Structures are given as C-alpha cells and as structure tokens.
Amino acid sequence: MDRRELCVRFAAELWLFLPPRDRHADLRIPYDGTSSLGHVVESAGVPLPEVGSLLVDGRPVTPSYRPVTADPIHVLAVRRPQQVPSSRFVLDVHLGTLARRLRLVGVDVAYRNDLDDDALIAQANTDERVLLTQDRGLLRRRGLWLGAYVRGARPDDQFRDVLDRFAPPLAPWTRCTACNGMLSPVGKAEVEKLLLPGTRRSYDTFARCLTCGRVYWHGAHGSHLDEIVDKASRIVAAQSENAT
C-alpha cells in the first residue's frame with residue numbers, strides 16, 4: 001500500500017454517503033499525514049453524526065485521532081435504536097410531510113419552512129433537539145449539537161427510518177400536526193360554529209390545539225391515519241425490544 005494512503009473499511013450502512021466507485025469493502029484514501037481521522041472520514045463523504053464508532057486496529061478512538069498509514073481503520077454506523085439525550089427533533093425545510101407524520105404519533109417536532117441553516121442549527125442547539133435533514137453539508141457543520149441523516153425519498157420511507165433509528169416514545173393523537181401544540185378534548189358546542197354543516201351532523205368527538213386553536217376530529221380520512229399510527233407503533237415496539 002502506498003505510504004500516503006489510509007486503508008479504511010466503512011460499514012455497509014454508510015456506503016450511501018460514498019461515491020459509487022468507492023462502495024467496496026476496503027477504501028484507500030489519500031492522506032497528508034496530519035489530518036484527524038474525523039476529517040478523513042468526512043472528506044470521503046460520511047458525516048460524523050452518522051458514525052457510531054471509529055476503530056483503529058480494533059480499539060476505539062475519537063475523531064481527533066491522527067492515524068498512521070499502517071493503521072487498519074474501521075468506521076461503524078450508528079447502532080439502532082440510537083440513544084439520544086432527548087427525543088425532540090427539528091426538521092429542515094424539505095421534510096414537512098415527515099414533520100406532520102411524526103406529530104401525528106405524538107413526537108415533539110419543531111418545523112418551519114422558512115428557516116436557513118444557521119437558524120436550524122441555533123434552534124437544535126438551544127432547544128436540545130436532534131436536527132433531521134437530508135443535507136449532508138448541514139450535518140458536517142461543527143457547531144451542530146446533534147443531527148441525523150434521514151434516509152429515503154418517499155415520506156413513508158423517511159418516517160420508517162426515523163422511527164427505526166430513534167424508537168421515540170409515541171403518544172398518538174396528542175399533538176397538532178400543523179403547529180406541534182398539544183391537543184385537548186373539547187365539547188362539540190364549543191367548536192360547533194367553526195365546523196362545516198356536514199361535519200356538525202356526522203361527528204360528535206373533537207379536540208382542539210391549545211396553541212393555534214385548530215380543531216380535530218376522526219373524519220373520513222381517519223382510517224388512513226389509523227394505519228400510519230399502527231405501523232409506527234409496530235416499528236417502535238420492535239426496536240424497543242431490540243434495545244433490551
């Protein structure tokens with residue numbers, strides 16, 4: 001092996017971050033002899049928040065470790081379910097549908113479609129929320145407290161990925177899908193004037209968001225939402241069993 005190269009083995013779960021030509025067992029990466037291992041890993045395309053462990057000759061090291069070319073390096077993915085200090089999240093502007101689905105099952109999710117990268121990082125750090133994004137550059141920002149890459153192009157796949165990765169506590173039907181506020185049961189008489197005639201005739205059980213005032217009921221689309229909630233419960237239950 002060239003003395004100016006490192007031999008790095010990335011876990012298969014991390015290959016999606018590598019260029020197609022580099023998706024194989026042992027990757028040889030040019031090395032300047034002074035950079036940290038964390039810098040080497042991110043220069044290959046893998047954001048550090050996606051790394052579970054860095055092993056050098058079988059022993060764990062920190063991202064600040066400076067390797068030598070003889071070191072056999074193994075980069076492991078985050079173990080699932082991932083243990084995080086808080087099951088509270090903030091989502092970037094491209095994940096609006098995912099935000100609504102997570103709120104549907106009671107996960108505490110901050111989301112706005114008008115925040116730039118600096119504002120997202122500031123909110124994640126100030127509120128101690130995990131930043132969920134598909135922007136790899138955002139995950140490489142040094143000031144970010146904690147973040148994660150959301151896998152999948154479809155909302156169904158993204159939803160499954162987040163639940164599988166974090167197994168957050170669920171409390172379906174307790175949060176407003178529009179603003180993340182808490183829902184409270186409300187008598188029909190209190191909200192009747194806000195309802196369309198068909199809704200007034202057909203439904204009797206309602207809840208209202210304590211933050212924005214939006215009114216909810218189990219309407220015609222309720223069976224589809226029930227399926228989403230049931231699926232989420234099964235995913236989290238399975239991951240919770242794996243963690244014990």
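# Reading loops, strands and ring pairs

Analyst: Start with Glu128, which sits in the loop between helix H3 (117-127) and strand E8. Helices (H or I, at least four residues) and strands (E, at least two) are DSSP runs, numbered from the N terminus. The model is predicted, so local features need pLDDT of at least 70 and side-chain atom pairs pLDDT 80 or more, while totals for chains, interfaces and linings use all residues. Residues are numbered from 1 along each chain as its sequence is written, and side-chain values use heavy atoms, with hydrogens and water left out.

User: What is the phi of Glu128 near?

Analyst: Most residues other than glycine have a negative phi, and most peptide bonds are trans. Phi of Glu128 is near 55°, a positive value in a residue other than glycine. Ala167 also has a positive phi, near 45°, and lies in the loop between helix H5 (155-166) and strand E10 (183-186). As for the peptide bond, the one from Arg80 to Pro81 is cis, with omega near -5°. Pro81 is in the loop between strand E5 (72-77) and E6.

User: Is Ala167 buried or exposed?

Analyst: Buried means under 20% relative accessible area, exposed over 50%, and partly exposed in between (1.4 Å probe, protein chains only). Ala167 has 16% relative accessibility, so it counts as buried. Glu128, at 46%, is partly exposed.

User: Which way do the residues of strand E8 point?

Analyst: In E8 (residues 130-133), Val130 and Leu132 point one way, Leu131 and Thr133 the other way, and all are buried.

User: How many bridges join strand E6 to E8?

Analyst: Two strands pair if DSSP finds at least two bridges between them. Strand E6 (residues 88-91) and E8 are joined by 3 bridges and run parallel; Phe89 has Val130 as its bridge partner. E8 and strand E9 (residues 147-149) also run parallel, with 3 bridges, and Leu132 is partnered by Ala148.

User: How many aromatic pairs are there?

Analyst: Rings of Phe, Tyr and Trp (its six-membered ring) pair if their centres lie within 6.5 Å; planes under 30 degrees apart count as stacked, over 60 as edge-to-face and the rest as tilted. The count comes to 3 aromatic pairs. One of them, Phe17 with Tyr149, is edge-to-face, at 5.1 Å centre to centre and 75° between the planes. Phe17 lies in the loop between strand E1 (5-10) and strand E2 (27-30) and Tyr149 in strand E9, so this pair ties together parts 132 residues apart in sequence. Phe89 and Phe166 have ring centres 5.2 Å apart and planes at 65°, so their pair is edge-to-face. That pair links strand E6, which holds Phe89, to helix H5, which holds Phe166, 77 residues apart.
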